[in-house]
Amino acid sequence: MHEQLLRVAERAARAVGYDKTHITRVVAYREIDAFLDSLGTAGLDALEISAGWKWRDRPWGSFTEMNWPDHDICNDTLDRKFDVIIADNVWEHLAYPYRAAKNVRAMLKPGGYFINITPFLIRYHPIPIDCSRWTEMGMRHFLEEAGFDGGKVKTGSWGNAAAVKANFRRWARAGWQRRLRNDPSFPVTVWAIAEAD
């Protein structure tokens with residue numbers, strides 16, 4: 001019954017133009033969607049680490065999930081290669097993010113892409129642990145150290161002081177906002193797209 005009410009609430013919110021997406025994710029999702037649209041994903045094999053709701057509904061050649069605790073990206077790889085690997089707000093929860101990035105690199109086809117979205121200026125959230133944060137520069141260097149060509153890593157970030165404050169109390173939603181002003185001094189979310197050699 002509870003899930004049915006949630007679905008009704010979701011449809012009603014969409015119908016009146018209210019965006020229930022976490023404000024920390026809206027701009028990153030827009031940018032990543034535009035990148036994926038430019039690739040044309042219908043023939044690509046995708047892997048999502050700790051899969052959520054966002055990426056599975058896109059047209060893919062194949063879509064695979066690698067979820068914890070059945071698979072631990074810090075220690076495990078799958079026995080196949082992928083064109084796109086997505087980690088949507090996962091890396092901050094990893095005890096060994098460097099190992100995990102090396103494992104991702106090993107599962108990418110040549111010319112494949114690792115898309116990593118992480119928070120920066122948001123509150124501590126141990127689900128089940130919360131370990132790391134990166135700036136754009138930090139993420140670029142981190143991925144380079146894990147085996148990606150730094151020249152083939154594109155990063156972006158979004159945030160502002162109001163979004164930082166809003167997420168100290170609760171997980172703020174985009175709501176009625178359409179213009180999401182960016183202030184580079186307050187990066188709430190950082191993302192990277194790293195191409196494998």
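Tutor: Cys131 is partly exposed in this predicted model, because its relative accessible area comes to 43%. Cys74, by contrast, is buried, since its relative accessible area is 6%. A disulfide is a covalent bond between the sulfur atoms of two cysteines. Here the sulfur of Cys74 has its closest cysteine sulfur in Cys131, at 8.7 Å, so the pair is too far apart for a bond; the cut-off for a disulfide is 2.5 Å.

Now let us follow Cys74 to a neighbour. Asn103 touches Cys74, and its contacts beyond four places in sequence also include Ile73, Asn75, Asp76 and Thr77. Asn103 belongs to helix H3, which covers residues 97-107. With a relative accessibility of 15%, Asn103 counts as buried too, because buried means under 20%.

One more feature is worth a visit, the largest pocket. Its volume is about 670 Å³. The pocket is lined by 32 residues, and those closest to its centre are Ser50, Asn89, Val90, His93 and Ile127. By type, the lining is made up of 17 nonpolar, nine polar and six charged residues.

Methods. Residues are numbered from 1 along each chain as its sequence is written. This is a predicted model: local features need pLDDT of at least 70, side-chain atom pairs count only at pLDDT 80 or more; totals for chains, interfaces and linings use all residues. Side-chain values use heavy atoms; hydrogens and water are left out. Helices (H or I, at least four residues) and strands (E, at least two) are DSSP runs, numbered from the N terminus. Buried means under 20% relative accessible area, exposed over 50%, partly exposed in between (1.4 Å probe, protein chains only). Contact means heavy atoms within 4.5 Å. On a 1 Å grid over the protein atoms alone, a cavity is a set of points where a 1.4 Å probe fits but cannot get out, and a pocket is an open set with protein on both sides within 12 Å along at least five of seven lines; lining residues have an atom within 4 Å of a point. Grid points are joined across faces, edges and corners, and a volume is the space filled by probe spheres set on the points. Ala, Val, Leu, Ile, Met, Phe, Trp, Tyr, Cys and Pro count as nonpolar, Asp, Glu, Lys and Arg as charged, and the others, Gly among them, as polar.
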